[in-house]
Amino acid sequence: MTARFDAYLFDLDGTIYLGDGLLPGAAETIARLRADGVPLRFLSNNATKAPAQYAEKLTALGIPTDPQDVVNTVTVTTHWLRTHHPDAVVFPIAERPLIEAFEAAGIAMSEDPAEIDIVVASYDRGFEYRKLQIAFDAIWFHKRAFLIATNPDRYCPFPGGRGEPDCAAMVAAIEACTGTTCRAVLGKPDPAMAEAALAGLDVDPARCVMVGDRLGTDIELAHRAGMASALVLTGDSSRADVAATAPERRPGLVLERIDQLVG
Ligand SMILES: [Mg+2]
């Protein structure tokens, strides 16, 4: 028996793979944990891809994965709306995967500001003035809608140092013109992400672990959700970053490679 926890949540980029390359030991680690029959979930804050697209990528990289094992901000935003605001009419400022998930979940959507209850801001490469005007009219003019965001990220990093403006840019535009602030910001480190990931597993979060490469999102999620945490040094955060972090926000484990989790 390799597994020391009842469920394992893994960040993807910087933890399982880096860009298009699997990180050393990742496939073996996942295979050993699966051999123990322990539930695993893969987490991402990126709502521009459907869980099935992540499952395809992981499978192609040598980690056969079911779409149900992937929990991203498409999953968590849909789960959150259905749980907390099942009757709300939403206006998604988002790409196709999130809109399709809302359609599949039966969430009502509208572009009529007089009907919108919730504006959902996301990482949207089709963002335009028309969408900003609808959000502005729904929130400020009609005074009926409130704003939520799928994730807090300022930018989405690419291998090699470039990146793209992420959800925070859309949020800032809407907040700036309406004077409102986001009522909920889902995705890591919001505990709603852990709730969606552990939904249906019947496990105690305290007996589960979150594994990731970022202190501010992955490890912070673990703290807020009452889970154990492991930082891998294959991505964003370094040992120096850990040393600069308040003791109560530090990870429980710090690993050079992901296979040290099962070694
Ligand atoms: Mg990462």
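Aspartate 13 has a relative accessibility of 35%, so it counts as partly exposed; that class lies between buried, under 20% relative accessible area, and exposed, over 50%, with a 1.4 Å probe and protein chains only. Aspartate 213, at 6% relative accessibility, counts as buried.

A word on the model. It is predicted, so local features need pLDDT of at least 70 and side-chain atom pairs count only at pLDDT 80 or more, while totals for chains, interfaces and linings use all residues. Residues are numbered from 1 along each chain as its sequence is written, and side-chain values use heavy atoms, with hydrogens and water left out.

Which protein donors does the magnesium ion have? They are Asp11 (OD), Asp13 (O) and Asp213 (OD), lying 2.1 Å from the ion. Donors here are N, O and S atoms within 2.8 Å of the metal, or 3.2 Å for Na, K and Ca; water is not among the atoms, so sites may look incomplete. The sequence spacing of the donor residues is D-x1-D-x199-D. Aspartate 13 sits in the loop between S1 and strand S2 (17–18), and aspartate 213 in the loop between S13 and H8, so this pair, 200 residues apart, links distant parts of the chain. Helices (H or I, at least four residues) and strands (E, at least two) are DSSP runs, numbered from the N terminus.

Next, the strands. S13 (residues 208–212), helix H8 (residues 215–225) and S14 form a right-handed β-α-β unit: with the strands pointing away from the viewer, the path from the first strand over the helix to the second runs clockwise. S13 and S14 pair in the parallel sense over 4 bridges, where pairing takes at least two DSSP bridges. Valine 211 has alanine 230 in S14 as its bridge partner, and alanine 230 also stands opposite leucine 253 in S15. S14 and S15 (residues 253–255) run parallel, joined by 3 bridges. Of the 5 residues of S14 (228–232), 4 are buried, so the strand is largely enclosed by the rest of the structure.

Last, the cores: sets of buried Ala, Val, Leu, Ile, Met, Phe, Trp, Tyr and Cys residues joined through side-chain atoms within 4.5 Å. The largest has 36 residues, and those touching the most other members include Leu43, Leu81 and Met227. Elements giving two or more residues to this core include S13, H8 and helix H7 (191–198). H7 gives the most, with 6 residues. A second, separate core of 26 residues includes Ala55, Leu58, Val209 and Val262.
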